[in-house]
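Here's a walk through a fold, from its core out to a loop. Have the model open beside you as you read.

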Amino acid sequence: MSWSSSEGFLVTYLNDLARLVREHLPLGARPPVDSDGLFLLYAVLVRVKGVATTEEDVHDAWAAWMLTVDPAHPCLLPFGDLPPEVQDEDVPYMAAIRDVARLTRHGE
(Lines give C-alpha, C1' and ligand atoms only; values in the text may rest on other atoms or scores of the structure.)
Protein backbone atom coordinates (compact mmCIF):
# COMPACT_ATOMS: atom_id res chain seq x y z
CA MET A 1 0.00 0.00 0.00
CA SER A 2 1.06 3.54 -0.58
CA TRP A 3 -0.06 7.03 0.30
CA SER A 4 -1.05 9.51 -2.33
CA SER A 5 0.91 12.61 -1.45
CA SER A 6 -1.35 15.00 -3.35
CA GLU A 7 -4.69 13.57 -2.24
CA GLY A 8 -3.86 12.63 1.35
CA PHE A 9 -5.60 9.25 1.32
CA LEU A 10 -4.45 5.68 1.30
CA VAL A 11 -4.32 4.24 -2.21
CA THR A 12 -5.57 0.65 -2.14
CA TYR A 13 -6.28 -2.13 -4.57
CA LEU A 14 -9.87 -0.87 -4.82
CA ASN A 15 -8.71 2.66 -5.69
CA ASP A 16 -6.49 1.14 -8.38
CA LEU A 17 -9.39 -0.84 -9.85
CA ALA A 18 -11.70 2.20 -9.66
CA ARG A 19 -9.12 4.25 -11.59
CA LEU A 20 -8.87 1.51 -14.24
CA VAL A 21 -12.65 1.36 -14.66
CA ARG A 22 -12.73 5.14 -15.14
CA GLU A 23 -9.88 4.90 -17.68
CA HIS A 24 -11.68 2.18 -19.66
CA LEU A 25 -14.85 4.20 -20.21
CA PRO A 26 -15.47 5.27 -23.79
CA LEU A 27 -14.73 8.91 -24.59
CA GLY A 28 -18.41 9.87 -24.70
CA ALA A 29 -19.21 8.58 -21.21
CA ARG A 30 -19.78 11.31 -18.67
CA PRO A 31 -19.52 10.01 -15.12
CA PRO A 32 -21.29 12.02 -12.44
CA VAL A 33 -19.37 14.78 -10.70
CA ASP A 34 -17.66 13.73 -7.45
CA SER A 35 -18.23 10.05 -8.23
CA ASP A 36 -15.16 8.50 -6.59
CA GLY A 37 -17.42 6.54 -4.24
CA LEU A 38 -19.39 5.20 -7.20
CA PHE A 39 -16.23 3.99 -8.89
CA LEU A 40 -15.19 2.21 -5.69
CA LEU A 41 -18.47 0.28 -5.94
CA TYR A 42 -17.64 -0.48 -9.56
CA ALA A 43 -14.25 -1.76 -8.37
CA VAL A 44 -16.08 -4.15 -6.05
CA LEU A 45 -18.09 -5.37 -9.05
CA VAL A 46 -14.81 -6.04 -10.87
CA ARG A 47 -13.70 -8.28 -8.02
CA VAL A 48 -17.02 -9.93 -7.20
CA LYS A 49 -18.77 -10.32 -10.56
CA GLY A 50 -15.97 -9.65 -13.03
CA VAL A 51 -16.85 -10.45 -16.63
CA ALA A 52 -20.31 -11.60 -15.50
CA THR A 53 -21.28 -8.05 -14.43
CA THR A 54 -24.64 -7.01 -15.89
CA GLU A 55 -26.28 -3.66 -16.55
CA GLU A 56 -28.53 -4.39 -13.58
CA ASP A 57 -25.47 -4.83 -11.33
CA VAL A 58 -24.14 -1.47 -12.52
CA HIS A 59 -27.48 0.18 -11.84
CA ASP A 60 -27.68 -1.35 -8.35
CA ALA A 61 -24.20 0.00 -7.52
CA TRP A 62 -25.21 3.41 -8.89
CA ALA A 63 -28.47 3.32 -6.87
CA ALA A 64 -26.60 2.51 -3.63
CA TRP A 65 -24.25 5.43 -4.28
CA MET A 66 -27.08 7.76 -5.35
CA LEU A 67 -28.90 7.14 -2.06
CA THR A 68 -26.02 8.98 -0.40
CA VAL A 69 -26.06 11.81 -2.97
CA ASP A 70 -29.71 12.41 -3.87
CA PRO A 71 -32.18 10.02 -2.21
CA ALA A 72 -35.03 11.60 -4.21
CA HIS A 73 -33.45 10.89 -7.64
CA PRO A 74 -36.19 9.76 -10.06
CA CYS A 75 -34.10 6.81 -11.33
CA LEU A 76 -33.91 5.13 -7.93
CA LEU A 77 -36.07 2.31 -9.23
CA PRO A 78 -35.38 -1.35 -9.94
CA PHE A 79 -33.48 -1.69 -13.22
CA GLY A 80 -36.40 -3.38 -14.99
CA ASP A 81 -38.70 -0.44 -14.19
CA LEU A 82 -36.45 2.07 -15.95
CA PRO A 83 -37.12 3.16 -19.54
CA PRO A 84 -34.80 1.50 -22.10
CA GLU A 85 -32.91 4.73 -22.80
CA VAL A 86 -32.05 5.05 -19.10
CA GLN A 87 -31.05 1.37 -18.92
CA ASP A 88 -28.72 1.97 -21.87
CA GLU A 89 -26.75 4.50 -19.81
CA ASP A 90 -25.33 1.59 -17.77
CA VAL A 91 -23.87 -0.20 -20.80
CA PRO A 92 -20.53 1.71 -21.05
CA TYR A 93 -19.90 1.22 -17.33
CA MET A 94 -20.67 -2.49 -17.58
CA ALA A 95 -18.28 -2.77 -20.54
CA ALA A 96 -15.52 -0.92 -18.65
CA ILE A 97 -15.98 -3.14 -15.59
CA ARG A 98 -15.81 -6.26 -17.76
CA ASP A 99 -12.72 -4.93 -19.59
CA VAL A 100 -10.91 -4.31 -16.30
CA ALA A 101 -11.96 -7.73 -15.01
CA ARG A 102 -10.45 -9.36 -18.10
CA LEU A 103 -7.32 -7.21 -17.83
CA THR A 104 -6.80 -7.99 -14.14
CA ARG A 105 -8.14 -11.55 -14.35
CA HIS A 106 -10.87 -10.99 -11.76
CA GLY A 107 -14.13 -12.88 -11.77
CA GLU A 108 -13.10 -15.48 -14.34
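What follows starts with the core and then visits a few individual residues.

A quick word on ground rules: this is a predicted model, where local features need pLDDT of at least 70, side-chain atom pairs count only at pLDDT 80 or more, and totals for chains, interfaces and linings use all residues. Residues are numbered from 1 along each chain as its sequence is written, and side-chain values use heavy atoms, with hydrogens and water left out.

Let's begin with the largest nonpolar core, which has 28 residues. Such a core is a set of buried Ala, Val, Leu, Ile, Met, Phe, Trp, Tyr and Cys residues joined through side-chain atoms within 4.5 Å; buried means under 20% relative accessible area, exposed over 50%, and partly exposed in between (1.4 Å probe, protein chains only). V21, Y42 and W62 have the most contacts inside this core. The elements giving it two or more residues are α1 (13–23), α2 (36–48), α3 (55–69) and α5 (91–104). Helices here are DSSP runs of H or I with at least four residues, numbered from the N terminus.

Now zoom in on α1. Its buried residues are L17, A18, L20 and V21. Seen down the axis of α1, they fall within an arc of 160 degrees, so they line one face of the helix; the arc is that of the directions from the helix axis to the C-beta atoms. And what do the buried residues of α1 pack against? The partners are α2 and α5. V21 gives you a close-up: leaving aside neighbours within four places in sequence, V21 is in contact (heavy atoms within 4.5 Å) with F39, Y42, V46, A96, I97 and V100.

H106 lies in the segment after α5 and is buried, with a relative accessible area of 19%. G50 is 56 residues away from H106 in sequence, yet the two are 5.4 Å apart in space, C-alpha to C-alpha. Beyond its neighbours within four places in sequence, H106 is in contact with L17, V46, R47, G50, V51 and A101.

H59, found in helix α3, is buried too, with a relative accessible area of 3%. The side chain of H59 reaches the backbone oxygen of L77 at 2.7 Å. Setting aside neighbours within four places in sequence, H59 is in contact with C75, L77, P78, F79, L82 and D90.

Finish in the loop between α1 and α2, where you'll find D34. Is D34 buried or exposed? D34 is exposed, with a relative accessible area of 71%. Check the backbone there as well: phi of D34 is near 55 degrees, a positive value in a residue other than glycine.

Conventions
Polar contact = N/O pair within 3.5 Å; in protein donor to acceptor, adjacent residues only side chain to side chain.
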